[in-house]
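This briefing describes one protein model, arranged by topic. Please inspect the sequence and the structure before reading on.

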Amino acid sequence: MILTTFFADDEIRLGIKTDQGILDVTKAGQHFNSTLDTRVDAVYALGLDAMDALNALVTQASESGDASLFINEDSITYAPVVPNPGKILCVGLNYSKHAAESGMAEPKYPVLFSKFNNTIAAPNEDVPLQDDWQAVDYEAELGVVIGKTARNVSEAEALDYVLGYCNMNDLSERDLQMLSGQWLLGKTLDKFLPLGPYVVTSDVIRDPQTLSIKGWLNGELRQNSNTSDMIFSVAQVIAYASKIMTLSPGDVISTGTPEGVVLGMDPKVWVKAGDEYTVEVEGLGKLTNKMIEA
């Protein structure tokens with residue numbers, strides 16, 4: 001299943017990408033008297049437990065022949081595909097070649113840090129940059145959406161707790177990131193975590209360690225790698241985090257970026273207003289955002 005979100009009637013609605021277009025889950029739920037709470041946050045809070053009801057709506061809508069339940073994807077305005085995650089965890093230095101280009105040793109344990117919901121941005125949404133941010137960088141990443149409560153789970157069972165996967169761009173301001181020896185300032189700027197346009201469910205993406213991951217700056221390929229280069233796999237990251245904290249449905253994890261970021265280049269030509277970055281993880285569509293002056 002391919003989930004998306006879009007703006008309609010002054011709210012964010014959940015959609016499902018189908019051959020007939022984007023199914024408006026709210027409209028379909030009302031039409032077929034579904035008992036599912038179709039609000040986006042409610043569906044993500046149910047996580048994997050919502051999948052049967054969503055599949056039933058897709059089947060009913062497809063068989064009904066009612067075209068009014070579907071929307072042409074070209075006409076929608078995407079919202080952040082997970083608009084209100086309970087937790088945002090990110091993993092630093094999680095690709096071997098990225099650690100090397102950064103001049104840092106590979107970590108012995110996953111390097112976890114957090115972002116906040118102010119960083120969430122939608123596909124095609126502009127990202128404002130202040131004049132005094134002189135070291136803005138892009139980071140194409142595979143995002144993971146948790147589908148059920150995970151606490152002390154094993155690596156072997158960790159992927160059973162995943163709802164799905166999405167593109168993410170873990171934008172960073174490197175001067176602020178390195179200012180205090182703690183990364184928070186450079187990572188939590190407004191709109192510095194675009195994500196989407198889809199969450200592709202884990203029954204479709206069965207192995208997250210075999211996906212190509214690419215990023216283009218103004219159409220120039222900058223990042224071109226594969227999730228097989230991760231130091232810690234998605235399963236290892238989930239298992240590790242779940243031993244420290246409870247992961248809940250709707251939480252998101254951004255699993256690190258491969259080589260090709262500006263930080264690893266010489267000379268370093270940082271991202272500026274007017275630049276555009278596109279992230280494409282295999283099977284997850286494309287995520288594009290433009291930087292603008294704040």
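Setting aside neighbours within four places in sequence, E106 is in contact (heavy atoms within 4.5 Å) with S96, A99 and I231. The model is predicted: local features need pLDDT of at least 70, side-chain atom pairs count only at pLDDT 80 or more, and totals for chains, interfaces and linings use all residues. Residues are numbered from 1 along each chain as its sequence is written, and side-chain values use heavy atoms, with hydrogens and water left out.

- E106 lies in the loop between helix 4 (96–101) and strand 6; helices (H or I, at least four residues) and strands (E, at least two) are DSSP runs numbered from the N terminus.
- The relative accessibility of E106 is 45%, and the residue counts as partly exposed; the classes are buried under 20% relative accessible area, exposed over 50% and partly exposed in between, with a 1.4 Å probe and protein chains only.
- E106 and L93 are 13 residues apart in sequence, and their C-alpha atoms are 7.1 Å apart in space.

**Overall form**

- The protein contains 7 helices and 19 strands.
- Its radius of gyration is 19 Å, close to the 19 Å that the globule rule gives for 294 residues, so the protein is as compact as a globular protein of that length; the radius is taken over C-alpha atoms, and the rule is 2.2 Å times the number of residues to the power 0.38.
- Along the principal axes, the C-alpha atoms of the protein fill a box of roughly 60 × 45 × 30 Å.
- Of the 294 residues of the protein, 55% count as buried.
- Among contacts between residues at least 6 apart in sequence, 76% join residues at least 24 apart.

- Ten strands form an open sheet in the order 4-3-2-1-14-11-10-17-5-6, with mixed pairing; two strands pair if DSSP finds at least two bridges between them.
- Strand 4 (70–71) and strand 6 stand at the edges with a single partner strand each, so one side of each is left without a neighbour in the sheet.
- Strand 2 (residues 11–18) and strand 3 (residues 21–24) run antiparallel and are joined by 4 bridges; they form a hairpin with 2 residues between them, and T18 has G21 as its bridge partner in strand 3.
- Strand 3 pairs with strand 4 in the antiparallel sense over 2 bridges, with L23 opposite F70 in strand 4.
- Strand 1 (residues 2–8) pairs with strand 14 (residues 199–201) in the antiparallel sense over 2 bridges, and V199 in strand 14 is the bridge partner of L3.

**Helix 7**

- Helix 7 (residues 234–242) has 7 of its 9 residues buried, so it is largely enclosed by the rest of the structure.
- The buried residues of helix 7 are V234, A235, V237, I238, A239, A241 and S242.
- These buried residues pack against strand 5 (88–92), strand 6 (111–115), strand 10 (140–146), strand 11 (162–169) and strand 17 (252–254).

**Backbone features in loops**

- G196 and P197 are joined by a cis peptide bond with omega about 5 degrees; P197 is in the loop between strand 13 (193–194) and strand 14.
- The peptide bond from D266 to P267 is also cis, with omega near 5 degrees, and P267 is in the loop between strand 17 and strand 18 (276–281).
- D9, although not a glycine, has a positive phi of about 50 degrees; D9 is in the loop between strand 1 and strand 2 and is exposed, with a relative accessible area of 63%.
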